[in-house]
Amino acid sequence: MSRSVTVRAPGKINLQLAVGPVGDDGYHPLATVFQAVDLYETVTATDREDDEITVTVEAPRTLGIDPASVPTDASNLAVKAALALRESYGLDLGVDLHIVKGVPVAGGMAGGSADAAAALVACAEAWGAAVSRTELDEIAAGLGADVPFSLHGHTAVGLGRGSDLSPAMSRGQFHWVLATQSDGLSTPAVYGRFDDQVAGGAVVDDDPRISEELMGALMSGDPRRVGAALSNDLQAAALNLAPHLTRVMDAAREAEALGVIVSGSGPTVAALARSRQHALAIAAHIGAEDVAHTVLTASGPAPGATIL
Ligand code: C5P
(Lines give C-alpha, C1' and ligand atoms only; values in the text may rest on other atoms or scores of the structure.)
Protein backbone atom coordinates (compact mmCIF):
# COMPACT_ATOMS: atom_id res chain seq x y z
CA MET A 1 0.00 0.00 0.00
CA SER A 2 1.40 3.39 -0.91
CA ARG A 3 1.99 5.95 1.76
CA SER A 4 1.42 9.71 1.37
CA VAL A 5 2.95 12.31 3.63
CA THR A 6 2.33 16.08 3.37
CA VAL A 7 4.80 18.59 4.78
CA ARG A 8 4.76 22.36 4.63
CA ALA A 9 7.83 24.56 4.94
CA PRO A 10 8.03 28.37 5.12
CA GLY A 11 9.56 31.04 2.94
CA LYS A 12 11.83 33.64 4.54
CA ILE A 13 12.90 37.23 4.65
CA ASN A 14 16.49 38.22 5.46
CA LEU A 15 16.18 40.97 8.08
CA GLN A 16 19.90 41.48 7.70
CA LEU A 17 22.08 40.16 4.91
CA ALA A 18 25.73 41.13 5.39
CA VAL A 19 27.90 39.81 2.55
CA GLY A 20 31.70 39.57 2.43
CA PRO A 21 33.94 39.29 -0.64
CA VAL A 22 33.67 36.08 -2.68
CA GLY A 23 35.86 33.21 -1.46
CA ASP A 24 37.90 30.63 -3.40
CA ASP A 25 34.93 28.24 -3.30
CA GLY A 26 32.82 30.78 -5.24
CA TYR A 27 30.64 31.44 -2.19
CA HIS A 28 30.39 34.63 -0.17
CA PRO A 29 30.76 34.63 3.61
CA LEU A 30 27.46 35.77 5.10
CA ALA A 31 26.12 37.05 8.37
CA THR A 32 22.37 36.95 8.04
CA VAL A 33 19.25 37.04 10.18
CA PHE A 34 16.41 34.99 8.74
CA GLN A 35 12.79 35.29 9.66
CA ALA A 36 10.36 32.63 8.43
CA VAL A 37 6.99 34.00 7.33
CA ASP A 38 3.64 32.28 7.03
CA LEU A 39 3.81 31.74 3.28
CA TYR A 40 4.35 28.02 2.85
CA GLU A 41 5.35 25.52 0.22
CA THR A 42 3.42 22.27 0.66
CA VAL A 43 4.95 19.04 -0.60
CA THR A 44 3.16 15.69 -0.66
CA ALA A 45 5.38 12.62 -1.09
CA THR A 46 3.75 9.34 -2.14
CA ASP A 47 6.05 6.35 -2.28
CA ARG A 48 6.18 4.25 -5.48
CA GLU A 49 6.58 0.58 -6.28
CA ASP A 50 9.47 1.41 -8.65
CA ASP A 51 12.49 3.69 -8.19
CA GLU A 52 11.25 6.68 -10.22
CA ILE A 53 11.07 10.19 -8.80
CA THR A 54 8.38 12.39 -10.35
CA VAL A 55 7.24 15.93 -9.56
CA THR A 56 4.11 17.95 -10.29
CA VAL A 57 3.53 21.59 -9.40
CA GLU A 58 0.36 23.49 -8.61
CA ALA A 59 -0.01 27.19 -7.76
CA PRO A 60 -3.08 29.03 -6.52
CA ARG A 61 -4.00 31.80 -8.98
CA THR A 62 -4.29 34.41 -6.21
CA LEU A 63 -0.54 34.23 -5.62
CA GLY A 64 0.18 35.23 -9.20
CA ILE A 65 2.56 32.29 -9.60
CA ASP A 66 2.79 30.51 -12.94
CA PRO A 67 3.31 26.80 -12.12
CA ALA A 68 5.05 26.40 -15.49
CA SER A 69 7.88 28.63 -14.20
CA VAL A 70 8.91 25.86 -11.80
CA PRO A 71 11.11 23.17 -13.37
CA THR A 72 9.85 19.59 -13.11
CA ASP A 73 13.13 17.96 -14.14
CA ALA A 74 16.14 16.97 -12.04
CA SER A 75 16.91 20.66 -11.44
CA ASN A 76 13.84 20.92 -9.19
CA LEU A 77 15.11 21.27 -5.63
CA ALA A 78 12.48 18.87 -4.24
CA VAL A 79 13.74 16.20 -6.66
CA LYS A 80 17.33 16.96 -5.67
CA ALA A 81 16.31 16.58 -2.02
CA ALA A 82 14.71 13.17 -2.65
CA LEU A 83 17.81 12.03 -4.58
CA ALA A 84 20.19 13.28 -1.88
CA LEU A 85 18.24 11.54 0.87
CA ARG A 86 18.09 8.31 -1.14
CA GLU A 87 21.83 8.43 -1.80
CA SER A 88 22.71 9.10 1.85
CA TYR A 89 20.72 6.08 2.93
CA GLY A 90 21.55 3.73 0.07
CA LEU A 91 17.83 3.41 -0.68
CA ASP A 92 16.45 2.52 -4.12
CA LEU A 93 12.91 3.75 -3.50
CA GLY A 94 10.83 5.97 -5.77
CA VAL A 95 8.43 8.79 -4.94
CA ASP A 96 5.80 11.02 -6.52
CA LEU A 97 6.22 14.58 -5.27
CA HIS A 98 3.40 17.11 -5.54
CA ILE A 99 4.23 20.72 -4.76
CA VAL A 100 1.66 23.40 -3.96
CA LYS A 101 3.38 26.78 -4.22
CA GLY A 102 2.82 29.48 -1.64
CA VAL A 103 6.11 31.38 -1.87
CA PRO A 104 6.98 33.58 -4.88
CA VAL A 105 9.18 31.86 -7.51
CA ALA A 106 12.77 33.18 -7.92
CA GLY A 107 11.78 35.97 -5.56
CA GLY A 108 14.54 35.98 -2.95
CA MET A 109 12.25 34.31 -0.42
CA ALA A 110 13.71 30.80 -0.65
CA GLY A 111 10.65 29.14 -2.18
CA GLY A 112 12.80 26.48 -3.87
CA SER A 113 14.69 25.91 -0.63
CA ALA A 114 11.37 25.44 1.17
CA ASP A 115 10.45 22.80 -1.44
CA ALA A 116 13.71 21.01 -0.68
CA ALA A 117 13.17 21.20 3.09
CA ALA A 118 9.59 19.95 2.84
CA ALA A 119 10.55 17.17 0.39
CA LEU A 120 13.35 15.95 2.69
CA VAL A 121 11.02 15.55 5.64
CA ALA A 122 8.17 14.13 3.51
CA CYS A 123 10.38 11.55 1.77
CA ALA A 124 12.05 10.48 5.02
CA GLU A 125 8.61 9.85 6.47
CA ALA A 126 7.11 8.21 3.34
CA TRP A 127 10.11 5.89 2.99
CA GLY A 128 10.24 5.15 6.72
CA ALA A 129 13.91 6.28 6.78
CA ALA A 130 15.04 6.85 10.36
CA VAL A 131 16.86 10.14 9.79
CA SER A 132 17.96 12.30 12.69
CA ARG A 133 17.52 16.06 12.66
CA THR A 134 21.32 16.48 12.45
CA GLU A 135 21.50 14.21 9.41
CA LEU A 136 18.64 16.13 7.78
CA ASP A 137 20.49 19.40 8.47
CA GLU A 138 23.61 18.06 6.77
CA ILE A 139 21.77 16.91 3.67
CA ALA A 140 19.83 20.21 3.66
CA ALA A 141 23.04 22.29 3.74
CA GLY A 142 24.33 20.31 0.74
CA LEU A 143 21.21 21.29 -1.23
CA GLY A 144 21.47 25.05 -0.74
CA ALA A 145 22.43 27.73 1.75
CA ASP A 146 18.80 28.50 2.70
CA VAL A 147 17.49 24.94 3.03
CA PRO A 148 18.50 24.31 6.68
CA PHE A 149 16.71 27.50 7.73
CA SER A 150 13.47 26.39 6.09
CA LEU A 151 13.67 23.15 8.11
CA HIS A 152 14.05 25.13 11.33
CA GLY A 153 11.92 28.22 10.77
CA HIS A 154 11.26 30.97 13.36
CA THR A 155 14.07 33.56 13.55
CA ALA A 156 17.71 32.52 13.24
CA VAL A 157 21.20 33.76 12.61
CA GLY A 158 22.98 32.17 9.64
CA LEU A 159 26.76 32.31 9.25
CA GLY A 160 29.21 30.78 6.78
CA ARG A 161 27.28 30.28 3.55
CA GLY A 162 24.16 31.08 5.56
CA SER A 163 23.56 27.48 6.62
CA ASP A 164 25.38 27.50 10.00
CA LEU A 165 22.31 28.32 12.05
CA SER A 166 21.62 29.36 15.58
CA PRO A 167 18.24 30.48 16.91
CA ALA A 168 17.70 34.21 17.51
CA MET A 169 15.49 35.63 20.26
CA SER A 170 12.51 37.50 18.97
CA ARG A 171 9.36 38.80 20.65
CA GLY A 172 5.91 39.03 19.09
CA GLN A 173 4.76 38.89 15.49
CA PHE A 174 5.87 41.16 12.66
CA HIS A 175 3.60 42.09 9.78
CA TRP A 176 5.06 42.22 6.30
CA VAL A 177 4.07 43.29 2.82
CA LEU A 178 5.74 41.38 0.01
CA ALA A 179 5.65 42.85 -3.46
CA THR A 180 6.67 40.37 -6.17
CA GLN A 181 7.71 40.88 -9.79
CA SER A 182 6.85 38.68 -12.77
CA ASP A 183 10.52 38.41 -13.77
CA GLY A 184 12.63 36.74 -11.09
CA LEU A 185 16.28 37.54 -10.43
CA SER A 186 18.86 34.77 -10.50
CA THR A 187 20.74 34.50 -7.21
CA PRO A 188 24.15 33.85 -8.88
CA ALA A 189 23.55 36.86 -11.19
CA VAL A 190 22.91 39.13 -8.19
CA TYR A 191 26.02 37.84 -6.39
CA GLY A 192 27.90 38.36 -9.68
CA ARG A 193 26.79 41.99 -9.84
CA PHE A 194 27.79 42.38 -6.19
CA ASP A 195 31.27 41.10 -7.17
CA ASP A 196 31.41 43.67 -10.01
CA GLN A 197 30.52 46.42 -7.56
CA VAL A 198 33.25 45.25 -5.16
CA ALA A 199 35.76 45.13 -8.04
CA GLY A 200 34.64 48.67 -8.91
CA GLY A 201 35.53 49.91 -5.44
CA ALA A 202 32.36 49.35 -3.36
CA VAL A 203 33.31 48.95 0.28
CA VAL A 204 32.58 45.56 1.87
CA ASP A 205 33.31 44.15 5.26
CA ASP A 206 35.80 41.26 4.95
CA ASP A 207 34.27 39.76 8.03
CA PRO A 208 30.49 40.30 7.91
CA ARG A 209 28.86 40.55 11.34
CA ILE A 210 25.40 40.35 12.82
CA SER A 211 23.94 43.75 13.74
CA GLU A 212 23.55 44.14 17.50
CA GLU A 213 21.00 46.83 16.84
CA LEU A 214 18.82 44.32 14.97
CA MET A 215 19.21 41.62 17.63
CA GLY A 216 18.20 44.11 20.33
CA ALA A 217 15.27 45.32 18.23
CA LEU A 218 14.00 41.75 17.72
CA MET A 219 14.18 41.05 21.44
CA SER A 220 12.26 44.24 22.21
CA GLY A 221 9.51 43.21 19.79
CA ASP A 222 9.26 46.85 18.65
CA PRO A 223 8.59 46.86 14.89
CA ARG A 224 9.82 50.48 14.63
CA ARG A 225 13.26 49.45 15.88
CA VAL A 226 13.29 46.37 13.66
CA GLY A 227 12.24 48.46 10.68
CA ALA A 228 15.09 50.91 11.27
CA ALA A 229 17.62 48.06 11.60
CA LEU A 230 16.80 46.17 8.36
CA SER A 231 19.74 45.89 5.93
CA ASN A 232 20.73 43.99 2.83
CA ASP A 233 24.18 44.18 1.22
CA LEU A 234 22.80 42.60 -1.97
CA GLN A 235 20.23 45.36 -2.37
CA ALA A 236 22.40 47.67 -4.48
CA ALA A 237 23.21 44.77 -6.84
CA ALA A 238 19.56 43.75 -7.10
CA LEU A 239 18.51 47.39 -7.78
CA ASN A 240 21.23 47.68 -10.38
CA LEU A 241 19.81 44.64 -12.22
CA ALA A 242 16.18 45.65 -11.64
CA PRO A 243 16.05 49.48 -11.27
CA HIS A 244 12.23 49.54 -11.27
CA LEU A 245 12.30 48.07 -7.76
CA THR A 246 13.06 51.55 -6.40
CA ARG A 247 9.50 52.51 -7.40
CA VAL A 248 8.14 49.65 -5.27
CA MET A 249 10.31 50.71 -2.36
CA ASP A 250 9.18 54.34 -2.73
CA ALA A 251 5.52 53.27 -2.79
CA ALA A 252 5.99 51.31 0.47
CA ARG A 253 7.67 54.33 2.08
CA GLU A 254 4.85 56.63 0.95
CA ALA A 255 2.50 54.32 2.88
CA GLU A 256 4.71 54.81 5.95
CA ALA A 257 6.30 51.38 6.08
CA LEU A 258 8.65 51.14 9.09
CA GLY A 259 11.42 49.66 6.94
CA VAL A 260 11.73 48.58 3.31
CA ILE A 261 14.29 46.19 1.84
CA VAL A 262 14.84 43.92 -1.11
CA SER A 263 14.35 40.39 0.20
CA GLY A 264 17.54 38.28 -0.15
CA SER A 265 18.71 38.47 -3.75
CA GLY A 266 15.35 39.94 -4.83
CA PRO A 267 13.32 40.96 -6.70
CA THR A 268 10.66 40.68 -3.98
CA VAL A 269 10.49 43.85 -1.88
CA ALA A 270 9.63 43.40 1.79
CA ALA A 271 8.06 46.23 3.79
CA LEU A 272 7.52 46.08 7.52
CA ALA A 273 4.21 47.40 8.85
CA ARG A 274 3.06 48.57 12.29
CA SER A 275 0.17 46.11 12.34
CA ARG A 276 -1.76 43.71 10.17
CA GLN A 277 -4.11 46.58 9.28
CA HIS A 278 -1.21 48.78 8.29
CA ALA A 279 0.19 45.94 6.15
CA LEU A 280 -3.09 45.81 4.23
CA ALA A 281 -2.96 49.60 3.73
CA ILE A 282 0.63 49.46 2.41
CA ALA A 283 -0.33 46.56 0.13
CA ALA A 284 -3.29 48.55 -1.22
CA HIS A 285 -1.06 51.56 -1.93
CA ILE A 286 1.58 49.49 -3.75
CA GLY A 287 -1.23 47.80 -5.68
CA ALA A 288 -2.70 51.18 -6.68
CA GLU A 289 0.71 52.42 -7.87
CA ASP A 290 0.82 49.41 -10.20
CA VAL A 291 4.54 48.77 -9.64
CA ALA A 292 4.42 45.10 -8.58
CA HIS A 293 3.13 41.87 -10.09
CA THR A 294 1.45 40.62 -6.91
CA VAL A 295 1.31 42.11 -3.43
CA LEU A 296 1.01 39.69 -0.52
CA THR A 297 0.88 40.16 3.22
CA ALA A 298 2.46 37.71 5.66
CA SER A 299 3.55 37.57 9.26
CA GLY A 300 6.53 36.09 10.99
CA PRO A 301 8.16 34.37 12.70
CA ALA A 302 6.55 31.15 11.43
CA PRO A 303 7.45 27.53 12.26
CA GLY A 304 9.81 25.44 10.14
CA ALA A 305 9.02 22.28 8.16
CA THR A 306 5.98 20.58 9.70
CA ILE A 307 4.24 17.30 8.87
CA LEU A 308 0.52 18.01 8.33
O1 C5P B 1 23.33 27.75 -1.94
P2 C5P B 1 22.41 28.23 -3.00
O3 C5P B 1 22.09 27.19 -4.03
O4 C5P B 1 21.18 28.87 -2.45
O5 C5P B 1 23.18 29.38 -3.73
C6 C5P B 1 22.88 29.77 -5.04
C7 C5P B 1 24.03 30.60 -5.57
O8 C5P B 1 24.14 31.81 -4.80
C9 C5P B 1 25.39 29.96 -5.45
O10 C5P B 1 25.67 29.17 -6.56
C11 C5P B 1 26.31 31.16 -5.39
O12 C5P B 1 26.51 31.70 -6.67
C13 C5P B 1 25.48 32.17 -4.63
N14 C5P B 1 25.81 32.19 -3.19
C15 C5P B 1 26.99 32.77 -2.77
N16 C5P B 1 27.29 32.81 -1.43
C17 C5P B 1 26.45 32.31 -0.51
C18 C5P B 1 25.22 31.71 -0.89
C19 C5P B 1 24.94 31.67 -2.25
O20 C5P B 1 27.76 33.25 -3.58
N21 C5P B 1 26.78 32.35 0.77
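## A walk from the loops to the ligand

Start by selecting A110, in the loop between β4 (94–100) and α2 (111–126); helices here are DSSP H or I runs of at least four residues and strands are E runs of at least two, numbered from the N terminus. A110 isn't a glycine, yet its phi is positive, near 65°.

Quick note: you're looking at a predicted model, where local features need pLDDT of at least 70 and side-chain atom pairs 80 or more, while totals for chains, interfaces and linings use all residues. Residues count from 1 along each chain as its sequence is written, and side-chain values use heavy atoms, leaving out hydrogens and water.

Next, hop to P267, in the loop between β9 (259–262) and β10 (269–273). Its peptide bond with G266 is cis, with omega about 5°. Then try P301, in the loop between β11 (294–300) and β12 (306–307): the bond from G300 to P301 is cis too, omega near 0°.

Now for the ligand. Which residues surround it? Select G26, Y27, H28, L30, G144, A145, R161, T187, P188 and Y191 (each has a heavy atom within 4 Å of the ligand). Helix α5 (residues 187–199) gives the most to this shell, three residues.

Zoom in on the polar contacts (N or O pairs within 3.5 Å). A polar side-chain atom of H28 is 2.6 Å from a ligand oxygen.

Finally, colour domain 1 (4–168) and domain 2 (174–300): both give residues to the shell, so the ligand lies between them. Those bounds come from an automatic or database domain assignment.

Technical notes
A polar contact is a pair of N or O atoms within 3.5 Å; within protein, one must be able to donate a hydrogen and the other to accept it, and residues adjacent in sequence count only if both atoms are side-chain atoms.
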